[in-house]
Every structure is written in C-alpha cells, then in structure tokens.
Amino acid sequence: MHLPAGYREQSPSPLAARHVETAWSFCADAAGTGLVLPDGRCDIIVYTPPGAAAVDLVLCGPATRAFSLSFEAGARWIGLRLRPERGALIWGEELVRATDRVLRGADAMAYLPALAPLCRLGVTGAEIETALDALPPRRADPGLTRSLEATHLSGGRLDVDRLARHVGLTTRHLSRLWRAHVGLSPKTYAQIIRFHRALRLLRDELGGGLTPIAAAYEAGYADQAHMARAFRRFGGFAPSGIPEGLNLPGMPGMPG
Amino acid sequence: MKFGYTIIYVADVPATVAFYEAAFGLSRRFIHESDLYAEMETGETAIAFGANVAAEMAGLAIVPNEPRAPAAGWEICLVTDDVAAGYDRAVAAGCAPVAPPAEKPWGQTVSYVRDLNGCLVEIASPMATVSTA
C-alpha cells in the first residue's frame with residue numbers, strides 16, 4: 001500500500017480471501033519516510049522495530065486520512081488489509097467509532113486478546129490469516145457486497161440513493177449495513193475511491209495522464225476546485241503537487 | 001470510421017455466452033482463454049462480452065449491469081420472423097419478461113426481455129424496407 005522499495009503485496013490464501021483483500025509486507029532497507037494514502041480499509045499489522053526483541057500488534061480502523069510515516073533501516077511490517085466489508089471482524093460493534101483509529105501494542109492486544117499469540121518475532125502472514133479465521137465470523141449482506149462492487153466499478157460515482165436502487169435495498173437499510181460492516185458511509189467511501197481514480201487519471205497509469213480539467217470531469221468532480229479539495233482532504237497535497245514516487249495502493253476497480 | 005463491435009461488460013463472460021446461446025439461439029464465435037472476452041456469431045458487426053474486470057483493467061468507470069437495478073439506457077435488438085416463439089424461448093431460458101409481443105401501428109411485432117445480467121433485449125420482427133424515393 002504505502003511505500004517505496006521493499007514494499008510487496010500478494011493475494012491472500014483462498015481460505016483467508018473471505019476476509020482479507022491483500023497480504024502486504026514492508027522491510028525498510030534504509031531509513032526514510034513514506035506517505036500512506038487512505039483506502040477506507042482496516043489493517044492488522046505486526047511491526048518489528050529494527051533490532052528489536054519484541055514485536056508490536058497494530059490494529060487500524062477504516063482509513064480516511066493520509067499520514068506520513070518515518071522509519072529506520074531494518075524496520076519490518078507485515079500486514080493484512082481486510083476486505084472493506086469485513087471491518088467488523090476486528091472492531092465488532094466498535095467499528096462505527098473506529099474511523100482512523102489506531103491501537104498499538106498492549107492496547108491492541110487488550111482489544112483483541114485472540115491475536116495476542118501473534119506478537120512474536122518471525123510471525124508470518126499465513127499465521128495471522130489463520131488467527132483471523134478463528135474470530136467469530138461476521139457475514140456481510142450480499143446486497144452490501146454488490147453495492148461495494150458497484151462503487152468500485154463505477155469509480156465511486158454512484159450516490160447512495162442510486163446504489164440502493166441498484167441492489168434493491170432502501171437507502172436507510174443500505175447505509176446501516178455500510179456503517180455496521182465497512183464502518184464508513186457509502187459517501188465517504190465513494191469519495192475515497194474517486195480520489196484514487198482521479199490520482200490515476202492525472203498520472204500516467206491510464207495512458208499518458210489527463211489534464212486536470214479532463215481528470216476532474218472523468219472522475220466525477222463538479223470542477224477542479226472540488227477535485228483539489230478532495231486531494232487536500234485525502235492526500236494532503238494539491239492535484240498539481242502529487243509527491244514524486246508516490247506509491248499507489250492496489251485498489252479494486254482500478255488497474256494496478 | 002466504421003462500427004466495430006458492441007461490447008457489453010458482464011460479471012461472467014462464459015455464463016453470458018451460454019445464456020445467449022440458450023435464450024436467443026445465437027452461437028459463439030470464440031471465448032478468449034482468459035474468460036474475460038467473447039464474441040458471438042452475429043455477422044459482420046459482433047456482439048461481444050467483456051468482463052467487468054476488463055473494464056477495470058482498461059481504467060474505465062462503469063455502472064455495472066445488475067438484474068435488480070433499472071436497465072441501462074440502451075438495448076440490443078434481435079430480429080426474427082417468429083417473435084412469439086423467440087420471446088417464449090428467451091423467458092423459458094431465464095430472461096425476465098418486460099413486454100410480451102405486441103403489434104405496433106407501423107406493422108412491426110415487438111417484445112422486450114432482460115437478460116441474465118439485466119440488459120434490455122428487444123426481440124422484434126424485421127421492419128419492412130422503407131423506400132427512400
């Protein structure tokens with residue numbers, strides 16, 4: 001998701017794919033900083049500080065804000081990014097209050113004691129996946145899953161009324177499902193997806209890079225000012241000032 | 001410029017091809033080994049199916065076709081001399097009925113169904129050739 005050299009993503013095992021969208025790892029070869037863009041997902045991360053004898057469990061709520069990360073050489077993270085509709089797997093009823101929340105170390109273990117055994121050196125992504133699978137399952141409604149799919153495929157351009165009609169649920173019911181399982185409103189999540197698509201339209205991922213006017217139009221912003229506001233909110237930079245070497249997280253609905 | 005294809009983005013390309021064979025009596029030209037693209041044997045201008053994920057890969061944002069949602073604002077029209085039989089076959093194969101065959105004032109018999117993906121398909125008799133004097 002985040003960072004330059006040393007960052008890798010891979011598909012989760014078929015069993016874990018029910019909950020997990022991506023298994024990622026990052027091993028810092030050298031000290032540096034990275035910008036982590038919000039993706040609306042929850043992550044479970046095991047962090048190993050350089051030369052440390054212990055590791056830290058980190059639980060992240062649905063991300064809606066960018067943050068800068070500084071790291072030392074030898075720091076190592078392995079993480080699982082949950083499917084957006086699986087946020088309640090780690091947060092349960094607390095998901096509605098977990099937006100941009102980060103629990104570390106003792107707080108994280110106290111919150112999810114079942115994951116405490118993972119806090120040891122050398123733990124693997126597969127072991128975290130197995131531990132996740134042992135948590136009480138929280139089935140997402142098929143209508144919610146289809147509305148997420150439509151949000152991804154449309155680049156976040158369907159509003160909640162349209163989404164509700166699309167999957168045959170009432171707006172109220174669909175919004176409730178989003179809050180309970182994703183932890184975000186369909187609107188906030190769609191805005192994040194739109195931001196990521198606009199980023200890709202402006203850069204050369206989609207063949208050449210569009211002008212700001214064309215990108216704002218195709219991404220679904222009313223004008224360039226709206227696009228600029230979304231960039232400040234989710235990225236902390238202007239459309240004309242996309243950081244060099246910014247690594248875009250893999251997002252459904254978008255080419256890698 | 002020349003009209004090349006109509007490409008409909010769908011969740012499952014092979015399933016859609018099989019459905020079009022059963023419901024409308026069309027036959028497949030080919031399904032790509034990736035299962036992300038297929039063309040039907042519809043003469044010079046092919047109906048083709050692309051997977052939703054192929055739209056993603058091309059960087060397109062689309063409203064995915066969805067049986068439960070209102071149909072997209074366009075349709076394909078299949079022409080047959082026996083509209084009633086064509087309509088019955090389509091519905092028997094799992095199409096959702098929309099408008100049973102009816103004769104229009106201009107002499108054409110017209111019916112509508114929605115396919116497995118929710119796309120509108122018109123089944124109609126050929127129009128008499130209009131002479132342009």
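Contact here means heavy atoms within 4.5 Å. The model is predicted: local features need pLDDT of at least 70, side-chain atom pairs count only at pLDDT 80 or more, and totals for chains, interfaces and linings use all residues. Residues are numbered from 1 along each chain as its sequence is written, chains are lettered from A in the order in which they are written, and side-chain values use heavy atoms, without hydrogens and water.

**Exercise 1.** Describe the interface of chain B and chain A.

Solution.
- Start with the residues: chain B gives 13 and chain A gives 17.
- Next, the area. About 1300 Å² is buried between the chains, 58% of it on carbon and sulfur atoms. Buried area is the accessible area (1.4 Å probe) that two parts lose on being put together, summed over both.
- Then the charges. There is one salt bridge between chain B and chain A, a side-chain nitrogen of Lys or Arg within 4 Å of a carboxyl oxygen of Asp or Glu. E66(B) and R146(A) form a salt bridge at 3.2 Å, N to O.

**Exercise 2.** Trace the open sheet of chain A and find its edges.

Solution.
- Order the six strands: β1-β2-β7-β4-β5-β8, paired antiparallel. Strands are DSSP runs (E, at least two residues), numbered from the N terminus, and two pair if DSSP finds at least two bridges between them.
- Find the edges. β1 (7-10) and β8 (102-104) of chain A each have a single partner strand, so one side of each lacks a neighbour in the sheet.
- Check one pair. Five bridges join β4 (residues 43-48) and β5 (residues 56-60) of chain A. V46(A) has L57(A) as its bridge partner in β5(A).

Methods. Helices (H or I, at least four residues) and strands (E, at least two) are DSSP runs, numbered from the N terminus.
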